[in-house]
Every structure is written in C-alpha cells, then in structure tokens.
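I want to go through the chain contacts before turning to the build of a single chain.

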Amino acid sequence: MKKTEFEKEISRMFQDSRVAVDEEKKRQTFCLLAGVIAEQKLVPRMSFPERIRTQLYFVEWRILLAQLLCMLLSAAVYVRADLPWIQAAPYLPAGIASVLSGMLLVLACNREEASGIAELAASCYFNHRQLAALHMVLCGGVQLACLAVPAVLLGKRMQVGAAAMGLYLTVPYLLTGCVEFAVLLTGFGRKSNFTLLAAGCVMAVITGSAATQPELYEPAALGTWIAVFAAVLAVYAAELAAVLERAKFVRMQAAAWEQN
Amino acid sequence: MHELTTVELTKKFQKKTAVQGVSFTLTNGVCGLLGENGAGKTTLMRMLCGLLAPDGGQVLCDGEQIARLGGGYRRLLGYLPQSFGYYPNYSALRFLRYMAALKALPKTYADARIEELLALTGLSDDRDRKLKTFSGGMLRRVGIAQALLNDPQILILDEPTAGLDPKERVRFRNLLSSLGRNRIILLSTHIVSDLESIADHILMMQKGCLTASGSIPEILSVGKGYVWECRVSEREAAELEQTHVIANLRSQGDGVCMRIISREPPATGAVPAEPALEDAWLYVLNNEQNEEGGD
Amino acid sequence: MDDRIRGQTKTAYQNTPRRDRELIRRIQAGNKELLGELIGYYYDEILRFCIWQIRDTGDAYDLTQETFYRFIRSVDTYEYRNLRAYLYAIARNLCVDYQREEKPVPVSGEQEELDPAHGGTESGYAQAEESLFLAGLLDALPAEQREIILLKYYGCLKLAEIARILDVNLSTVKSRLRLGLKRMRAVCGEEEDRRGQKAGQKKGETA
C-alpha cells in the first residue's frame, strides 16, 4: 500500500472504531464534575463587542470636542467665501486643521502615559498595545469624518479632484503625527502633554506658511506630493509600531531604574 | 487555588542588575517582601505582573509561563503600583468604572463589586468627589479598591502603606486580614511592623538577591541569640551606637534602654531577648553588609 | 445530565469551532452551567484517546475525569483559541505523567477489554477486529510516536497544533510521524504475512 493510502486507511479505522464507553463510570464522572463546576468561582468577562463599546464610553471627550471645533471652524471659514485672505491662501485652514488632528490623535493615545496610569492599565486584562490601537482607530475614524467636511468644501471651491485633496490634507496630518511620535519616542512627551502641544503648534506654523505658497498646490507639483506622501506614510507606520511596542516597556524600565 | 513560581528571575538595566537569580514559590496566604529602597522589589513585582520582561529566568503560574497565558493570567491579577496614576478629574466612581472596563468586567458585575469595595474601603460617601480632592490615604484606598475589582486570586501590592498615617495603616492591615486566606497576596514594604501580624511568609531582598525566605518563626530563628537588651548610661549608649546595630533605644530615667543586634553580648549586664521580626530583618541586613565589607 | 450523555456519541468527531467559541464566550460571561454541556460533547472523544494512548481502560476513565477537572479549574484564565487542541493537550500531558510511572503495557491478550460490546452483527464483528488490529499496531509504537499518530488520525489535529501541544518544533513532529507510520506499516506487513500463512495453513487443512 502506498503511504497516503495507508494513512487514509488508518484514519478511517480510527474514525469508524467505536470503543465502548462504560455509561455508569461516565455518569459518575459527570456527577463529580457537576460538583466541581458548582464550586468553581468564575469572574465574568465581557465579550469583544462589549469591550469596544465600553471603551468608547471613556474616550477623552475633550479631545473629541477639540476635534469637532477644528472641523467646524475650518468648515465655517470655507462657507464664508468672500474673505480676502482665503483667496490668497485657501489651503491654510484645512492644513492647520489636519495638523491639529494629527496632534490630537497622539494626545488621545498618550493619555495613559501622561497621567501615569499606564503601568496600572498594563496589568489589567487588556494588552496595552490593544488599547492604544483601539483608541487610535476610534479617534482616527472620527478624524476622518471631521477632515472630510472641510476637504469637500475646499475641493468644490478649488476645483481640485478628490485624490489631490486627499493628498494635500493627509500629508500635513501624517507629518505632524511623525513629529509627535518622535517626541514620544525620545521620552519628552511622556509625562506632560505640553511638549506635544508645543510640537503641534510648531507644525501648524510651518504648515501655515507653506500653505501660503500657491505654487505648492499646482497640478505639476503632484508628483512631489505623492513621493512625500509615500515617505511620510512609511515613517509614520514605523514610528507607530515602535510606539506601540515600546510604550509598554521603555517608560517602566526607565522609571524603574531611577526609582529602584 | 493557584501557585506562582519564579525561577532564577533576573533583570538588568544598562549597567545595574536590579534583580538577580530570584527563585521562590507563592501559594495562598499573605507573603511580605521586605527590602530597602533600591533592593529590587518594584522590579520584581513588575515582572510578576508581566509588565517587564525578565532578562533571565521565568515566572510560572501553575506551571505555565505567564507570557504564554497573556490576558488570561492578568485576569487573575490585582495590582497596586507604588506610583499610583489616576485621572484627577474623574470621580472615584467613574475611575473605578474605568478600571472595571479595562479589566473587561461586565457592567452589572462591576457595579455590584464597586459598591462592595467602596463600602469595604470606607469611600462610599466620597464616590462622586473628584480624585484630585482626595488625600494620600484615600487615594491609596481607591488604589486597593481597583486592585480588588476582579476578585483577584493573585494580589500584588507595591509599598501600599508608604506615606500613610498610622490610622490608615491600621485600616489597611484590617482590610488585608479580611480578605481571607484564599488567595495569594504579595505585599512589599520597608516597614517591618506592617507584616508582623499578618504575614504567613516573608521574603527578604537585598541588592536584587533573595537573602531570606520562610515563615515568620523560621525567619526569627535566624536571629536567635543575637538580640540583647541592656541598660547603660548615656555616654556608653553613644559609644555603642557607633559600633553596633541598634534595634531600639529608649531613655529611661537615669539611663538608656537599648536593644542591640550582636553576636556577643555588647555590654556587661546585657540579657538575651526574644527576637521580633524587626530584629531578624536588621540582623540579615547587617550580615550582608558585613560580608561585603569583609571582601 | 443523563440526556446529554445519551445524545453525544455522534458529534464527537465533528469539528465545530464556532459552537465551541460561542459556548466558551457564554461560559466566561458567567454561565458556568454550560460547562456541563461542553464536557458532554467531548467526553467520549477524550476518553477514547486516553484508552488508545495508555492502553489501560480502567485508568483511562480516571485520566479523562482529571482532564475535565483541570479544564474546569482553568476555564477562567483560558483564552479561546482551539478548544479541542486544548483539551487534547491536557489529556496528553496527563497520559505522559501516567506513563512515566512505568505501568506495564498490557499484553495482546488484554486487548479484549478494548471493545467488549461489539454486538453480534457482522459489521460489529468486523469493527471489533479492526479495533484490535489498530491496537496491535499502536502497541508496537513507542509512546511518543503513538501520541502523534493518535492526535493526527484520531483527533484530526493539524501538525502545527500538535507541535504546539507537545511543545516541540514542527520538524520533530513530522519525523516522529514518519517513523511511526513506517513502523506501523512494517507491523502491518508482518501481520499480513502471518495471516497469509494461517490462511494457507487453513486452506491446506480444508483441502
């Protein structure tokens, strides 16, 4: 017999064989186990969707508020079409909005570190990485919706396609994120959000002044935008992975070494 | 009933070795971890909670590595870190609900537990006050409450009584006794009197190494015959302080009553005394230092 | 509990991870009574695994009981991944501990215990014979090959899962499997030769 035929034969024999089960012994076992089950203490746990839902409840509402404010302001600016400075630098408000969004995301995720609760949180059921990732997804989702509003308004007015608009807004967002993550990774932004805010402001100023250069938004420059986008995305992803990975250990190691 | 074992646990930070080759097994009951600041207690506890990955050795829960058990292990765990972080603008109730969410406890169960624990820690009336208005002792109580939310089988408390006034410390001790003997409780401290009445087992740590391990009677037998009490003049007292380890001293009328840790009688008329935990601790500490000095 | 005992012979070999996941979810949410139902699904399968592995029917019942006892005690920390593999892991470890105590392997004669009630029907008789045949093949194997054969062909577990259960790497599993199969085929061959001889003898007698 060939090997696989042999295996099939063995498999079949196992599946077909019906070794008899002593019902009395089985019943006795079940009785005993029923007692064990009754005694067993079980701390209930939430199902996955419930966990997500409860985390939503605790999302930092100030961050959300700031985000909404951002969106409303930038949208309002575009609705009032006649202001002269908007003609000069139409991308300015949207650019700033996306910078601030990038910063807000990192602030939201840094909440545990900043308040010092990270060590405690890490000892609970949730993996700290899962928690941070969850917050990022939630926040990011909200931000996507929020940024879409000024994006649409601006796109209509500037007669620019959706793809280009997407680029113009995501690049400052990601760039700010990169800077903010770098701040986190070097340890400055950990305990206080102040450094993160400061970095955000710096980025806003830079983006603001860049937005006043109309040449940047010429169709000819799109190639550069795409290249920059790809580069920034790569850096963002790498830094994000590093932050999620190290967030758990670096701070504690450093702190432990000091306090020890 | 669970068993928490460490096998040759080691942790190094850059040039310093925080924990070196620590091995022990914990079962149900209260275990006190004694050590000075810098002995490596916090690092050890963080490794037990799975917060830090050890550089050497393993932590096993019922024979399984805790890294493999992951979230399942943390469900058994209740942890109160030394530097207890919190959200200042949260009320006590909201904070406990948040911690319950982090521990994946369903709402009905969590709410019931929170009520129980607020009562147990005497914070029922303060539940709606913001945490930033809480005193140090009250915050520590909130910390203990959150550690107990999931009815943990393994409770790890890092210096829970540090900075508490005596009344709070008594309260804490009573709370601990009321938790019963059906779980593993490990608490670290450098204050010996915290442990005297409640610990079933003592671990002593110095410079990252475990220097003693055993029940209180076993530990006390280490210091047998090395505790002396004597009554001397103030001048002699000053001399003795320079050359010996003093466990206690008390001015009494025309002299000073001293309790001294020493191999030989430190002064004429010194009588041997029954060792208490504090004495054994001082003895072990002193021994280590002497050995190092000798090298 | 009794109805659960009666109803569960067929489902034992069906792999139903969705049912398992749902049950575990509900158990861990607080309905620990469902543990009984879960055990009902897997009792026969684990019992038979133990019987095949340690070749002593009486003790196999004890090991099976211990398997589910440990499962109940650890269900609080259990993170759902593959419930069958988890149960097999517990059972397998218990079998290893049991065999380490060096109980003697029952000789061929005692294999009758394996299938006492095969019924008088022809298919029943054939089944019983096959079981004995299988038992003979398994007897020829050292324990570490036998457990892999059982986990793969009886438990229908993937090699990667088996590697995780045994805490060895995949290549070790594969090589032990290969050796086990080779050995079984060798024994098979011998058995066929032996039967051929017997048949020849019988023919010779009747002729």
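I started with chains A and B: 29 residues of chain A are in contact with 32 residues of chain B. I call two residues in contact if their C-beta atoms, placed from the backbone, lie within 7 Å.

Before going on, some bookkeeping. This is a predicted model, where local features need pLDDT of at least 70 and side-chain atom pairs count only at pLDDT 80 or more, while totals for chains, interfaces and linings use all residues. Residues are numbered from 1 along each chain as its sequence is written, and chains are lettered from A, ligands numbered from 1, in the order in which they are written.

Back to the A side of that contact. I find α3 (48–57), α8 (118–122) and α13 (250–259) of chain A each supplying at least two residues to the side that touches chain B. Helices here are DSSP runs (H or I, at least four residues), as are strands (E, at least two), numbered from the N terminus. Sorted by class, this side of chain A has 16 nonpolar, nine polar and four charged residues. My classes: Ala, Val, Leu, Ile, Met, Phe, Trp, Tyr, Cys and Pro are nonpolar, Asp, Glu, Lys and Arg are charged, and the others, Gly among them, are polar.

Next I looked up B against C. That contact takes eight residues from chain B and five residues from chain C. The class tally for the side of chain B that touches chain C is four nonpolar, three polar and one charged.

Then chain B by itself. I count 11 helices and 14 strands in chain B. Its C-alpha trace spans about 70 × 45 × 35 Å along the principal axes. Of the 295 residues of chain B, 44% are buried, meaning that 20 or more other C-beta atoms lie within 10 Å of a residue's own, with C-beta atoms placed from the backbone.

How is chain B divided into domains? The assignment gives domain 1 (4–221) and domain 2 (222–293), with bounds from an automatic or database domain assignment. The C-alpha centres of the two domains of chain B lie 33 Å apart. Their contact takes 12 residues from domain 1 and 11 residues from domain 2. On the domain 1 side, α8 (193–196), β9 (201–206), β10 (209–214) and α9 (216–222) of chain B each supply at least two residues. I noted that α9(B) gives the most there, with four residues.

Definitions and conventions:
A residue is buried if 20 or more other C-beta atoms lie within 10 Å of its own, exposed if 12 or fewer, and partly exposed in between; C-beta atoms are placed from the backbone.
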